[in-house]
Amino acid sequence: MRQFQPLAAVAATALVCATSCSVKENRILCEVPVHVSVTNDFTITREPFPTKAVEPVSTNSVVKSITLAFYKADGTQVFKQDQLKADTPTGFGDFSLTLPYGSYKMIVIAHGSENPIQLSSMTEAVFDDIKPRETFLYTSDLTIDNSNPKDLAATLSRIITRLDVISTDACPENLESVRITFAKGGESFNPLTGLSTTDNGFAYTISGVTPVASEGGIAKLRSNFFLFTDEESMDVTIQTLNASGTVLNTRTVSAVPFQRNRTTTLTGSLFSGSGSGSFSVETGWTEGINQTF
């Protein structure tokens with residue numbers, strides 16, 4: 001499995017208490033208390049995203065929900081718990097559970113949605129929201145075969161890619177929404193790989209687009225999604241629409257490069273231009289990809 005660049009450190013501690021399960025044939029029925037903490041040392045650095053703040057998960061404005069799940073090798077889910085920061089004034093990121101003796105796959109997902117993520121299996125997760133949010137992932141194998149204490153160290157990694165679109169012309173008065181269509185990638189991901197479950201592309205509409213007053217009428221649009229491979233190039237089509245859904249303008253940008261844990265920024269005339277744009281890479285991967293169209 002591809003190794004992710006570590007961005008968010010999370011202390012995960014499993015405390016296995018002594019039990020009376022000393023008879024080998026009875027151990028299959030023995031449940032062992034396990035404590036998993038993703039609180040104390042959990043920090044998120046958004047570098048190389050534009051913002052580079054580092055702060056605890058309890059005060060971080062990005063992570064609003066954490067999901068912890070354990071699966072058997074055959075895919076059977078034996079434990080799943082969601083924590084919403086809004087509903088957890090204290091102890092956010094602290095989980096207590098019991099697990100029988102056995103081998104498990106542990107999955108930890110932290111994200112920016114205020115709704116729990118849909119974890120239909122250990123190979124598919126999707127957001128309830130209209131679009132993916134910032135997502136951090138950690139997976140690990142865990143075996144409980146005795147009562148000895150276990151300390152687990154984990155590192156969550158950002159698995160999304162991001163597109164920022166910045167217009168250089170003022171928003172028209174009749175602008176209502178912007179529809180962005182990606183030729184590849186997807187909106188759901190496989191927690192075992194951190195990659196998109198499909199590569200068919202998708203589209204979503206950003207409603208209520210308004211100018212950014214401090215930018216003199218320049219609009220800024222942001223999209224997060226999942227790639228099918230660590231790096232992909234794809235066509236991106238941007239359409240502006242009025243209140244009745246009529247397309248006002250269409251811009252198609254070819255072969256836009258994306259990489260997980262990187263931001264691609266498109267800058268150009270969004271509302272008055274037309275046709276296909278030409279791109280040139282202005283900066284490297286470290287600070288994101290900036291291009292003009």
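Contact is taken to mean heavy atoms within 4.5 Å. In the predicted model described here, residues 24 or more positions apart account for 69% of the contacts in the chain with a separation of 6 or more. Local features were required to have pLDDT of at least 70 and side-chain atom pairs pLDDT 80 or more, whereas totals for chains, interfaces and linings use all residues. Residues are numbered from 1 along each chain as its sequence is written, and side-chain values use heavy atoms, with hydrogens and water left out.

The chain contains 23 strands and zero helices, these elements being DSSP runs numbered from the N terminus (helices, H or I, at least four residues; strands, E, at least two). Of the 293 residues, 49% are buried, where buried denotes under 20% relative accessible area, exposed over 50%, and partly exposed the range in between (1.4 Å probe, protein chains only).

Salt bridges, defined by a side-chain nitrogen of Lys or Arg within 4 Å of a carboxyl oxygen of Asp or Glu, number six. One of them joins Lys105 to Asp141, with the closest N and O atoms 2.8 Å apart; this pair links strand β8 (residues 102-111) to strand β11 (residues 135-144) across 36 residues. Lys105 is partly exposed at 23% relative accessible area, while Asp141 is exposed at 58%. Glu134 and Arg158 also meet in a salt bridge, at 2.7 Å from N to O, and both Glu134, at 8%, and Arg158, at 2%, are buried. A network of salt bridges links Glu134, Arg158 and Arg162.

Positive phi in a residue other than glycine is found at Ala255, near 50°, within strand β20 (residues 247-259).
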